[in-house]
Amino acid sequence: MKSLKILPFSSQYAADFKNLNIAWLEQYFYVEPKDINLLENCEETIINKGGFIYFAQYNDEIVGCFALLKLSPTAYELGKMAVTTKYQGLKIGQALMNFAIEFAQEKQWHKLVLYSSTKLENALHIYRKYGFKEVVLESDIPYDRSDIKMELVLD
């Protein structure tokens, strides 16, 4: 995938971040209030709070993204990962996952956490492939759609 580039957040891509995630959410679930806040104000709610957003650019088009939301100085939530349906099946999601894990390791973080749904069997398979393990889901989960929590311990 020579034409795949992973780019850091730039405000020019904020609309892509929102649109990619809304399309994914509407395909599988629905957009929740927390989603709206994060997606419409991503610079304020993610970047300015110590988080990161990255984009997959394929053939000069933004086709995927993910966010790393700061939970503590050494723990981040991997979330808001989406790849446009037109380019699914090209392993762009896996390239984003590889990048996220390598980035976390370079930063010497202790762990990555993610919330998902057991309805997303393919996604869960990929998370497990990358070493994420299921952990206890707290009672005050951030999203209605989440019924599974996974962690990847990095050190």
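Reader: What is the volume of the second largest pocket?

Author: On a 1 Å grid over the protein atoms alone, a pocket is an open set of points where a 1.4 Å probe fits, with protein on both sides within 12 Å along at least five of seven lines; its volume is the space filled by probe spheres set on points joined across faces, edges and corners. For the second largest pocket, this volume is about 260 Å³. The model is predicted, and local features need pLDDT of at least 70 while side-chain atom pairs count only at pLDDT 80 or more, although totals for chains, interfaces and linings use all residues. Residues are numbered from 1 along each chain as its sequence is written, and side-chain values use heavy atoms, with hydrogens and water left out.

Reader: Which residues lie closest to the centre of the second largest pocket, and which elements give two or more residues to its lining?

Author: A lining residue has an atom within 4 Å of a point. Here 16 residues line the second largest pocket, and Lys-34, Leu-69, Lys-70, Leu-71 and Glu-77 are the closest to its centre. Two or more residues come from each of helix 2 (33-40), strand 3 (61-72) and strand 5, where helices (H or I, at least four residues) and strands (E, at least two) are DSSP runs numbered from the N terminus.

Reader: Is Asn-21 buried or exposed, and which residues does it touch?

Author: A residue is buried under 20% relative accessible area, exposed over 50% and partly exposed in between, with a 1.4 Å probe and protein chains only. Asn-21, which belongs to helix 1, has 2% relative accessibility and therefore counts as buried. If residues up to four places away in sequence are not counted, Asn-21 touches Leu-39, Cys-65, Lys-80, Met-81 and Ala-82, contact being heavy atoms within 4.5 Å.

Reader: How many aromatic pairs are there, and what kind of pair do Tyr-58 and Tyr-87 form?

Author: Rings of Phe, Tyr and Trp (its six-membered ring) pair if their centres lie within 6.5 Å, and planes under 30 degrees apart are stacked, over 60 edge-to-face and the rest tilted. The count here comes to 17 aromatic pairs. Tyr-58 and Tyr-87 have ring centres 5.3 Å apart and planes at 70°, so this pair is edge-to-face. It links distant parts of the chain, 29 residues apart, with Tyr-58 in strand 2 (residues 52-58) and Tyr-87 in the loop between strand 4 and helix 4. Tyr-58, at 16% relative accessibility, counts as buried, and Tyr-87 counts as buried at 11%.

Reader: Which residues form an aromatic cluster with Trp-109?

Author: Phe-52, Tyr-54, Phe-66, Tyr-76, Phe-99, Phe-103 and Trp-109 form one aromatic cluster. Trp-109 lies in the loop between helix 4 and strand 5, and with a relative accessible area of 6% it is buried. Leaving aside neighbours within four places in sequence, the contacts of Trp-109 include Phe-52, Tyr-76, Phe-103 and Leu-154. Trp-109 and Tyr-76 are 33 residues apart in sequence, yet their C-alpha atoms are 7.9 Å apart in space.
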